[in-house]
Amino acid sequence: HLDVGWMSHPFPLSSFRIATSAQIDTIRSLGVPRVRWSPEQSDAAPANVAPEGGVGAGDEGDAPAADRAADAGDDAAAASEPALTAEAAARLEHRRLLDAQDAALRLCERQYAEAARECRQTIEMVEQRPHDARDRIEALSATLVAKMLDAGEVCVRMLVEGAADRASMHAMNVGIVSLLMGRVLGLPEDELRDLGCGAMLHDIGKLDLPLRMRSRDESFSPSEVRVWEEHVELGIAQARRMGLSAGATAVIAQHHEHADATGFPQRLDGDRMSLAGRVCALVNAYDNLCNPRLPSAALTPHEALSMLFAQGRSRFDAPMLASFIRMMGVYPPGSTVQLTDDRYAQVVSVNATRPLKPSVVVVDLRAPRAETLVVDLERVPGVGIRRSLKPQQLPPPALEWLGPMPRTCYFFEPAPPAGMPPESP
């Protein structure tokens with residue numbers, strides 16, 4: 001366990017099993033004074049543990065002698081006790097799974113919060129230190145791309161609104177989901193980094209607008225709409241001041257263009273837009289539907305996808321829209337749903353390779369949500385999703401139990417291994 005920020009080391013996660021000596025060399029190069037070792041999560045005990053709780057040469061970690069003695073005593077006591085009843089064993093296993101689930105969520109939230117803080121601070125320095133801001137956003141994008149590629153198969157994960165402040169949530173949502181989409185489309189690493197920079201900075205031109213003009217309002221007059229639309233041209237100017245790459249600048253320039261040439265500011269059609277620009281335009285439209293300025297106007301993620309499909313098939317690149325729906329799933333994270341066995345649930349993550357079988361938290365009024373395990377529908381034979389619901393359509397007790405968030409933010413996490421045994425429904 002590395003007790004440093006997620007972006008301060010090259011590993012996909014801050015907790016992992018050491019498998020090679022090269023990883024040990026990398027850990028040493030970080031200059032951290034201490035790492036933590038979890039023997040219960042390791043494959044074997046250390047080969048050379050020194051007295052007094054010290055660590056022999058070549059071992060990474062520490063375990064005080066008193067703790068080892070206590071563990072040995074516990075083992076001896078456990079051996080003398082009667083075997084656990086099936087009910088007690090089930091309770092212990094449930095607690096173990098809950099702890100692992102909570103640790104994975106907390107880790108994902110810390111990673112998101114760290115990246116969101118870096119994004120916010122970068123945007124704040126654009127006006128006074130544009131070149132420093134460029135270097136910082138390029139480093140952030142490169143880190144996210146590396147983590148995403150190193151993670152192997154990934155899931156799109158829903159996080160609570162509090163994982164980032166409102167100001168940076170939209171930039172992060174568009175950045176993260178655009179990178180996931182670019183990964184699905186097979187963009188090379190350098191183009192992914194440009195896509196990440198442009199997507200996180202796509203609204204950078206709004207810094208030059210009056211505060212009240214930064215979010216489009218239905219009450220805007222035609223002249224006010226024109227002022228608001230100027231944020232794209234202002235963003236291009238900011239990108240040039242920063243010295244962003246041509247690829248990243250194109251994303252900023254095209255994030256309101258449409259494949260049918262009905263967008264702005266240049267009314268480009270799909271053939272004249274970059275692939276990264278088309279990705280960002282689609283993801284930006286999706287997030288604006290899910291997270292509008294007024295939470296009361298928000299669509300559910302499922303409704304947002306349905307609207308894009310129904311009304312945007314000409315506006316957005318059709319093959320890309322199909323790929324986006326496959327990646328997010330028909331019921332994207334954050335959707336409230338009814339299962340085929342009539343229970344209510346909320347989708348918390350989707351594996352792009354198995355989009356029809358997301359992971360859900362199922363309403364169980366007998367236990368608090370914090371004590372409920374997430375269920376991977378891929379591993380529950382005979383149970384699927386019947387339909388999507390607005391939160392207000394849920395029975396009041398189910399709505400109170402789920403407590404759906406008014407806003408949805410996304411991150412990514414490694415997908416669970418395939419071929420795991422079935423779960424209890």
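Visitor: Quick one to start: where does A261 lie?
Guide: A261 sits in the loop between helix 9 and helix 10 (helices are DSSP runs of H or I with at least four residues, strands are E runs with at least two, and both are numbered from the N terminus). This is a predicted model, where local features need pLDDT of at least 70, side-chain atom pairs count only at pLDDT 80 or more, and totals for chains, interfaces and linings use all residues. Residues are numbered from 1 along each chain as its sequence is written, and side-chain values use heavy atoms, leaving out hydrogens and water.

Visitor: Okay, and what's phi like at A261?
Guide: Phi of A261 is near 65°. That is a positive value, in a residue other than glycine.

Visitor: Which peptide bond is cis?
Guide: The one running from F264 to P265 is cis, and its omega is near 5°.

Visitor: And where is the place of P265?
Guide: P265 also belongs to the loop that runs between helix 9 (246-254) and helix 10.

Visitor: Let's move on to helix 10. At what angle does helix 10 pack with helix 11?
Guide: Helix 10 and helix 11 pack at about 135°, and their axes are 9 Å apart. Helix 10 is therefore oblique to helix 11 (under 35 degrees is roughly parallel, over 145 roughly antiparallel, 65 to 115 roughly perpendicular, the rest oblique). Axes are lines fitted to C-alpha atoms over the stretch in contact, with angles from 0 to 180 degrees between N-to-C directions.

Visitor: Which residues meet there?
Guide: From helix 10 you have L282, A285, Y286, L289 and C290. On the helix 11 side, P301, A304, L305, M307 and L308 meet them, contact being heavy atoms within 4.5 Å.

Visitor: How many of those are nonpolar, polar or charged?
Guide: The contact of helix 10 with helix 11 has ten nonpolar residues, no polar ones and no charged ones. Nonpolar covers Ala, Val, Leu, Ile, Met, Phe, Trp, Tyr, Cys and Pro, charged covers Asp, Glu, Lys and Arg, and the others, including Gly, are polar.
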